Amino acid sequence: MSAPDPADALIDAAAALLEIPLRPEWRPAIRAHLEISLAQARLVAAFDLPDEAEPAPVFGA
Amino acid sequence: MSGAHMSGAHMSGGGLNAPEADLAWTGAGDIAAGIRAGRLTATGVVAAALARIARDNPRLNAFTDVTAARAVARARAIDAGLAAGRPAGPLAGVPFAVKNLIDIAGLPTRAGSAINRDHPPAGRDATLVARLEAAGAVLVGGLNMGEYAYDFTGENVHDGPSRNPHDLARMTGGSSGGSGGAVAGGLVPIALGSDTNGSIRVPASFCGVFGLKPTYGRLSRAGSFPFVASLDHLGPLARSAADLALAYDAMQGPDPADPVCAERAAEPVSPTLDAPIDGLRIAIAGGYFRAGACLEAISALETVAAALRPVRAIELPEAARARAAAFVITTTEGAALHLARLRTRAGDFDPDVRDRLIAGAMLPAAHVAQAQKFRRWYRDAMLALFASVDVILAPATPCVAPRIGQKTLVLDGTEVPLRPNIGIYTQPISFIGLPVVAVPVALPGGLPAAVQLIGAPWREDLVLRLAHALERRGVVGAPRPPMAA
């Protein structure tokens, strides 16, 4: 038996933990959006920043 | 699709006289001047606006609520004040409307959703509505928008799509779609929208109007339904830079009701709008901001750049990563905002919005922290650029208005999903809260496209001055669609 797909496993686990009731017909779109978001997140994560870098959760221009 | 709700008051009459005959395309400044000089009346102007809305909104679907009774009462009070010799404000008798995520006393703030229609009516107007009315403007209604502002199309599954006045089969752009359509269609001279990732600048581009996304924290967001607190801005759309400036000046100033609103006194820009632009150092964004742009978007950009020579080319550092970080913050903060509703009423969302929010709720938090760290890095890098540049030019959208229902877009020869990609040029700018005026360029094909004039933080004066100068030279301007003739 092959291991479950990690994205599907994340969707199942997160939906259960976050108590979001998923309908099976929503899954393909949710999965597609999750993969797009993860790809964007990886692009950001690939940028090397020092541990001391300050975040800007409330941005002050 | 539901029609706009009309609240009371008869819309006929008003005693239109000759100068009021073309009020559909008269700007806010000219209307207010006409009323102050006694050539127009606020009652007549408002009656004419309500009549245009009644006539054209069934086609445009820009308005979701028309506050006719309130508007007529307000207009009468303005005329009575003038007759009694009281001074009129800079926006005396100017009709305006607001995206329906902005509170209007007495109406539930639906924010484009079905769910929020169950909310109790707003107890008071949003700060910006109150400030525009204090300057003499007259609210005439609430405007259609993409659900919960998570949208670049102007489509709405509950209220139907807002339609582009230049081609009713095309999108207005979102999420402030009704705001773009109402101004471009000549229904009102000023509308308010919100811009988290491009939602003022995209409809300005698709509908061919001017849009101002001010510096993050410049204008109060109090009394508006949020989307992404880190990135939300409110701002005006209009058919001229001078009208943007008039509305913007009336709305500035600190507001204790919005913790993000800057403790900064109003810095009016209208008085310096005609100042020379000779000394401005202008650059054009290359690389990321050219790749993928359609011919029309490039043509609009080159039209503006050609009028401003010399302009030098610059590269904005890590723009693709900035857009990615804005994407991550948006989807996760948006998901956090709506998590309780996703648990209990997921079936009541627009499916396109719901599925993205659910995916956002599942994104690991470490990515969000990294995106916020990158945000500061990127801000510092961009501020360094502004040491040698005053205004940066970039396209507003990669394409002209797509057809309603269109699902994909060709970027750089590759077919990609439409919704996440309309904002590729706007997202890296709002990500760090820079002020931008989107200026419309009329193009031969009949559909307009806008160019972003991007300034350093708090320099709305420079981008509005440049927009005004380009408009006076005839380089940019809001094209009048045949339906608003």
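Reader: What makes B:Ala438 count as buried?

Author: In this predicted model, B:Ala438 has 32 other C-beta atoms within 10 Å. A residue is called buried if 20 or more other C-beta atoms lie within that distance, so B:Ala438 is buried.

Reader: Where is B:Ala438 placed, and which residues does B:Ala438 touch?

Author: B:Ala438 is in strand β15 of chain B. Leaving aside residues up to four places away in sequence, B:Ala438 touches B:Arg201, B:Ala204, B:Ser205, B:Phe210, B:Gly211, B:Ala396, B:Ala450 and B:Gln452. B:Pro226, 212 residues apart from B:Ala438 along the chain, has its C-alpha atom 22 Å from that of B:Ala438.

Reader: How do you know that strand β15 of chain B pairs with β16(B)?

Author: Two strands pair if at least two bridges are found between them. Strand β15 (residues 436-441) and β16(B) have six bridges and run in the antiparallel sense, so they count as paired. Within this pairing, B:Val437 stands opposite B:Leu453 of β16(B).

Reader: Which strand is joined to β16(B) by five bridges?

Author: That is strand β12 (residues 391-395) of chain B, which is antiparallel to β16(B). B:Pro395 has B:Val451 of β16(B) as its bridge partner.

Reader: Why is β16(B) called largely enclosed by the rest of the structure?

Author: Strand β16 covers residues 449-455 of chain B, and seven of its seven residues are buried, so the strand is largely enclosed. In a regular strand the side chains alternate between the two faces of the sheet. On one side of β16(B), B:Ala449, B:Val451, B:Leu453 and B:Gly455 are buried.

Reader: Why are α9(B) and α10(B) called roughly perpendicular?

Author: Helix α9 (residues 319-345) and helix α10 (residues 351-361) of chain B pack at about 105°, with their axes 8 Å apart. Angles of 65 to 115 degrees count as roughly perpendicular, and the two helices are therefore given that name. From α9(B), the contact includes B:Thr331, B:His338 and B:Leu342. From α10(B), B:Arg356 and B:Ile358 are among the residues that take part. The residues of this contact divide into seven nonpolar, five polar and one charged.

Reader: What makes the radius of gyration of chain B agree with that of a compact globule?

Author: For 485 residues, a compact globule would have a radius of gyration near 23 Å; chain B has 21 Å, so the two agree. The C-alpha trace of chain B spans about 60 × 60 × 45 Å along its principal axes. Chain B contains 13 helices and 16 strands, and 62% of its residues are buried.

Reader: Why is A:Leu43 called partly exposed?

Author: A:Leu43 has 18 C-beta neighbours inside 10 Å. Buried needs 20 or more and exposed needs 12 or fewer, so A:Leu43 lies in between and is partly exposed. A:Leu43 is found in helix α2 of chain A and touches B:Ala320, B:Arg321 and B:Ala324.

Reader: How many residues of chain A are in contact with chain B, and which element gives the most?

Author: In chain A, 29 residues are in contact with 40 residues of chain B. On chain A, α1 (6-18) and α2 (27-45) each supply at least two residues of the side that touches chain B. α2(A) gives the most, with eleven residues. That side of chain A divides into 24 nonpolar, three polar and two charged residues.

Methods:
Residues numbered from 1 in each chain as written. Chains lettered and ligands numbered in written order. Predicted model: local features only at pLDDT ≥ 70, side-chain atom pairs only at ≥ 80, totals over all residues. Contact = placed C-beta atoms within 7 Å. Helix = DSSP H or I, 4+ residues; strand = E, 2+ residues; numbered from the N terminus. Nonpolar A, V, L, I, M, F, W, Y, C, P; charged D, E, K, R; others polar. Rg over C-alpha atoms; globule rule 2.2 N^0.38 Å. Axes fitted to C-alpha atoms, helices over the stretch in contact; angles between N-to-C directions. Parallel < 35°, antiparallel > 145°, perpendicular 65-115°, else oblique.
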